[in-house]
Amino acid sequence: MTLPISFEFFPTKTEEGAAKLRLVRQELYALKPEFCSVTFGAGGSTQSGTFAAVGEILAEGVDAASHFSCVGATKSLVREQLATLRAMGVKRLVALRGDLPSGYGAAGEFHYASDLVEFIRAETGDAFHIEVAAYPEIHPQAKSAEADLQAFATKVKAGANSAITQYFFNSDAYFRFVDDAFALGVDVPVVPGIMPISNSTQLMRFSDACGAEIPRWIRLRLQGFGDDTASIKSFGLDVITDLCDQLSMAGVPGIHFYSMNQSAATLEICRRLHF
Ligand SMILES: Cc1cc2nc3c(=O)[nH]c(=O)nc-3n(C[C@H](O)[C@H](O)[C@H](O)COP(=O)(O)OP(=O)(O)OC[C@H]3O[C@@H](n4cnc5c(N)ncnc54)[C@H](O)[C@@H]3O)c2cc1C
């Protein structure tokens, strides 16, 4: 199947971690990703690690997207960072507000991702393909579902080319979101973000923090496996393969895998789906 796929990585903290990640990337490149992206710690905390990993991916001959969060940033800092990315040859950004860790400091000159998208377009024209985040199950801080959808439409209209969703396990939430966004005039591709399941404690922690709902039957099955990691992984592969199958049969514009810097689960899911 020729569905465009992409992989997300996070920057590593040590040289040993970076070396392992290089191997993971080489394994995943066999799937010919459209691009690979690297997350960016809010407040710029991982800036050098993010830019270094993005530079390595480009040097490996694969298109790379730098995530870019604006919370706590000034316009002059963002201008400088954009210039650095352009000089590196980066052509794709995932533009985000981000979340400042509590007690981290002032709000900066950007309030929302839409402010960042508008600023990037005003400063750099069409130099970047801009992706934004989408939340089929609603961003946890949204005032209401309607306000969140409207905020999504606003950031797309500010100049985004496409969107990647927060991960979800309920495909109806995604399909409803895409339909409702289209009704508001959003016609850019909304690519589902997919989180392979390999570690249930980590998944529950992340999901609670980012507002992704784990359906009751999945949560209970995972809890029932206890420490039996082989059963968790096997169940996770079945669940996520079925989800990707449903999405691809419905004609989604691509699939973005949250790799968690691991290759095994993503490779197996893609093998089963003949990607
Ligand atoms: C694909 C993807 C990649 C991510 N990558 C990273 C990363 O690399 N680093 C990182 O730190 N985090 C990342 N995140 C998490 C993200 O930073 C958080 O979810 C953050 O809380 C929101 O960022 P945003 O860009 O979606 O914000 P926004 O789109 O600005 O929305 C944030 C909140 O504000 C509300 N809002 C927006 N505009 C308005 C308005 N005009 N008036 C009132 N309310 C408004 C929205 O409803 C929402 O509740 C990622 C998330 C996704 C889905």
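**Cysteines, helices and enclosed space in a predicted model**

A search of the whole structure finds zero disulfides, a disulfide being a pair of cysteine sulfur atoms within 2.5 Å. Cys270 is in no disulfide, and its nearest cysteine sulfur, that of Cys244, is 7.2 Å away. For Cys36, the closest cysteine sulfur is in Cys270, at 12 Å, which is too far for a bond. Cys36 is buried, with a relative accessible area of 0%. Cys270 is buried, with a relative accessible area of 0%. Here buried means under 20% relative accessible area, exposed means over 50%, and partly exposed lies in between (1.4 Å probe, protein chains only).

The model is predicted: local features need pLDDT of at least 70, side-chain atom pairs count only at pLDDT 80 or more, and totals for chains, interfaces and linings use all residues. Residues are numbered from 1 along each chain as its sequence is written, and side-chain values use heavy atoms, with hydrogens and water left out.

Helix α4 covers residues 113-124 and has twelve residues. Helices (H or I, at least four residues) and strands (E, at least two) are DSSP runs, numbered from the N terminus. From its first C-alpha to its last, α4 reaches 16 Å, close to the 16 Å expected at 1.5 Å a residue. The expected span is 1.5 Å times one less than the number of residues. Buried positions in α4 are Ala113, Ser114, Leu116, Val117, Phe119, Ile120, Arg121 and Thr124. Gly125 follows α4 and has a positive phi, near 55°.

Val117 lies in helix α4. Val117 is buried, with a relative accessible area of 0%. Leaving aside neighbours within four places in sequence, Val117 is in contact with Ala95, Ile130, Val132, Lys155, Ala158, Gly159 and Ala160. Contact means heavy atoms within 4.5 Å. Val117 and His129 are twelve residues apart in sequence, and their C-alpha atoms are 11 Å apart in space.

Helix α10 (264-272) has the buried residues Ala265, Thr266, Glu268, Ile269 and Cys270. They pack against β1 (5-9), α1 (15-29), α9 and β9 (255-258). His274 is found in the segment after α10. His274 has a positive phi of about 60° although it is not a glycine. His274 is exposed, with a relative accessible area of 63%.

The second largest pocket holds about 390 Å³ of space. On a 1 Å grid over the protein atoms alone, a pocket is an open set of points with protein on both sides within 12 Å along at least five of seven lines; a cavity is a set where a 1.4 Å probe fits but cannot get out; lining residues have an atom within 4 Å of a point. Grid points are joined across faces, edges and corners, and a volume is the space filled by probe spheres set on the points. The second largest pocket is lined by 19 residues. Ser198, Asn199, Gln202, Met260 and Gln262 lie nearest its centre. Helices α7 (200-210), α9 (229-249) and α10 each supply at least two lining residues. By class, this lining divides into eleven nonpolar, seven polar and one charged. Ala, Val, Leu, Ile, Met, Phe, Trp, Tyr, Cys and Pro count as nonpolar, Asp, Glu, Lys and Arg as charged, and the others, Gly among them, as polar.

The whole structure has one cavity of 30 Å³ or more. About 40 Å³ of space lies in the largest cavity. Its lining consists of Tyr135, Pro136, Glu137, Ile138, Gln166, Tyr167, Cys210, Gly211 and Ala212. Six of these residues are nonpolar, two polar and one charged. Ile138 sits in the loop between β5 and α5. Ile138 is not a glycine, yet has a positive phi of about 80°. Ile138 is partly exposed, with a relative accessible area of 36%.

A further loop position is Gly41, between β2 (35-38) and α2 (47-59). Gly41 is buried, with a relative accessible area of 17%. Not counting residues up to four places away in sequence, Gly41 touches Thr46 and Ser69. The C-alpha atoms of Gly41 and Thr154 are separated by 24 Å, and the two residues are 113 residues apart along the chain.
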